[in-house]
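Subject: Structure for your review

Hello,

Please find the structure below.

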Amino acid sequence: MSQTFFGGVSFILSKYWSLFLRGTAITLVVSLTGTIFGFLIGLIVALLRTIPVHKTDKPLKKLSVRFLSFILSSYIEIFRGTPMIVQAMVIYYGGLSKALSGLHDVYKGIAAAIIIISINTGAYMAEIIRGGIISVDPGQMEGALSIGMTYRQAMFNVVFPQAIRNIMPSIGNEFVVNIKDSSVLNVISVAELYFMSKSAAGAYLRYFEVFFITAVIYFILTFTVTRILRVIERKMEGKDSYTIHGSQSYSKASIHITSESKSIIGGGLK
Amino acid sequence: MSNNNINTNNSSNAILDIINLEKRFGNNLVIRDISMSVFEGEVVSIIGSSGAGKSTLLRCINLLEEPTGGDILFHGKSILTDRKSVSSYRAKVGMVFQQFNLFNNMTVLQNCVVGQMKVLGRSRAEAEETAKMYLDRVGMYAFADALPRQISGGQKQRAAIARTLCMNPEVILFDEPTSALDPEMVGEVLSVMRSLVKGGMTMLVVTHEMGFAREVSSRVIFMDSGIIEESDTPDVIFTSPKKERTRAFISSIL
């Protein structure tokens with residue numbers, strides 16, 4: 001084997017490319033799926049935690065809301081307050097391993113990883129989404145309630161879409177964090193990118209070369225994902241142009257307004 | 001002037017009866033012992049200095065604030081006892097806000113359509129037709145496709161009025177509808193409101209536009225530190241108020 005750095009790198013790549021590829025695939029799968037499920041968990045938790053309680057509500061509802069909010073905030077505090085690597089050990093050896101024992105090793109690892117990342121991400125997402133909901137101008141909720149929408153209709157049609165738009169950067173950030181932090185799941189033998197790299201490095205004891213490759217792969221993943229998320233964010237801004245219609249008697253007339261130019265493009269009264 | 005009395009027992013044709021209403025934020029008693037009725041076709045203006053509790057009263061009537069005492073009757077039935085009927089009550093009592101509160105994630109047209117579909121169960125086609133009719137009436141048909149951030153304050157407020165009209169409310173509450181507007185946009189909103197008055201809409205208007213209040217109101221209520229100080233015809237309130245506080249307020253603003 002070559003003693004130069006680049007020689008080593010190319011040797012490792014040619015020998016272990018499929019290992020890196022599988023590790024990368026598993027890293028992407030568990031971090032993406034974990035982020036999505038984490039988002040769903042966080043969504044439910046945040047919606048439950050933002051339910052308003054009225055003085056006129058029945059005592060049973062008040063009590064159950066208070067109990068639920070105690071449970072949910074405990075979940076958030078515990079999972080934000082301990083490292084995911086420790087959570088992985090506790091959950092995996094505290095029963096998850098047994099529960100998944102019917103599965104083939106690779107799938108068992110993937111399933112365990114998704115479950116742990118989802119629970120962990122859910123705790124962060126819950127606070128991100130709650131923050132997004134309370135950051136939307138309360139007037140939006142009031143406007144919706146004032147035309148007779150129920151709290152739920154107002155939340156899903158008016159407040160939540162605006163909250164999501166506002167927290168999109170934070171949601172994307174969680175995904176990027178998960179791509180990197182899923183590496184800690186090597187402690188429960190999930191065959192993700194870091195775990196695969198460790199195996200590759202151990203065979204020839206070429207740690208520097210192997211983990212240089214690993215670092216490049218992680219960076220490409222996060223950088224690409226960040227770019228894609230920016231495109232999605234921009235799409236969610238909504239159109240920045242609109243058409244002015246003529247009055248009903250001149251329904252064919254229209255003027256197109258774009259925000260960049262603030263100029264009138266075509267159309268006009270006929 | 002149809003009715004000057006504020007007799008709460010007379011709910012024969014009153015849309016709203018407010019009885020000894022009280023709202024307290026902590027130890028702060030913002031409105032107390034407010035009793036008044038709103039009859040069909042009436043335009044009632046509420047005037048008074050900032051902090052008098054005018055907006056709080058309006059927000060209590062639409063249940064955006066929960067009153068801490070008293071009662072609100074809608075066609076003789078209390079709306080405070082039954083939380084389930086709150087939504088259908090609110091649909092019949094429109095509200096126009098100082099800050100417009102148009103839904104920022106929707107176009108002007110969608111703003112007017114969503115409530116009709118979700119609350120009144122109208123089809124999209126029917127809702128859009130109604131929306132376009134009311135947008136045309138407030139002069140906003142041309143901007144149906146614009147997002148709230150793309151139009152001016154006056155346009156937003158006119159769209160918000162159209163949104164409320166789409167729900168076919170029996171009474172509309174206006175909470176300082178022109179206070180957040182640049183001076184040159186106040187006129188366009190007031191003229192839309194004038195046309196509603198002409199159309200016979202029942203309105204309860206909190207306003208600082210004294211000229212408007214004097215011109216269109218069937219009754220003017222002067223509020224001071226949480227109570228109704230005086231309630232009378234605009235002529236009496238603006239030219240020969242009976243109470244000293246009313247006189248002081250009127251002379252300070254005219």
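Between chain A and chain B there are 7 residue pairs in polar contact, counting pairs with both residues at pLDDT 80 or more. The model is a predicted one. Across this interface the rule finds 1 salt bridge: the side chain of Glu142(A) meets that of Arg59(B), at 2.6 Å from N to O.

On the side of chain A that touches chain B, at least two residues each come from α5 (138-146), α6 (151-181) and β1 (241-245). The most come from α5(A), which supplies 7 residues. By class, this side of chain A has 8 nonpolar, 18 polar and 7 charged residues.

As for totals, 33 residues of chain A are in contact with 34 residues of chain B. The size of an interface is often given as the accessible area lost when the parts come together. Here chain A and chain B bury about 2900 Å² between them, and 51% of that lies on carbon and sulfur atoms.

Within chain A, α6(A) packs against helix α8 (residues 207-236) at an angle of about 170°, with the axes 10 Å apart. Angles over 145 degrees count as roughly antiparallel, and α6(A) and α8(A) are therefore roughly antiparallel to each other. Residues of α6(A) in this contact include Ile164(A), Met168(A), Phe175(A) and Ile179(A), while those of α8(A) include Tyr218(A), Leu221(A), Val225(A) and Met236(A). The contact of α6(A) with α8(A) has 12 nonpolar, 3 polar and 3 charged residues.

Regards

Conventions
Residues are numbered from 1 along each chain as its sequence is written. Chains are lettered from A and ligands numbered from 1 in the order in which they are written. This is a predicted model: local features need pLDDT of at least 70, side-chain atom pairs count only at pLDDT 80 or more; totals for chains, interfaces and linings use all residues. Side-chain values use heavy atoms; hydrogens and water are left out. Contact means heavy atoms within 4.5 Å. Buried area is the accessible area (1.4 Å probe) that two parts lose on being put together, summed over both. A salt bridge is a side-chain nitrogen of Lys or Arg within 4 Å of a carboxyl oxygen of Asp or Glu. A polar contact is a pair of N or O atoms within 3.5 Å; within protein, one must be able to donate a hydrogen and the other to accept it, and residues adjacent in sequence count only if both atoms are side-chain atoms. Helices (H or I, at least four residues) and strands (E, at least two) are DSSP runs, numbered from the N terminus. Ala, Val, Leu, Ile, Met, Phe, Trp, Tyr, Cys and Pro count as nonpolar, Asp, Glu, Lys and Arg as charged, and the others, Gly among them, as polar. Axes are lines fitted to C-alpha atoms, for helices over the stretch in contact, and angles run from 0 to 180 degrees between N-to-C directions. Angles under 35 degrees count as roughly parallel, over 145 as roughly antiparallel, 65 to 115 as roughly perpendicular and the rest as oblique.
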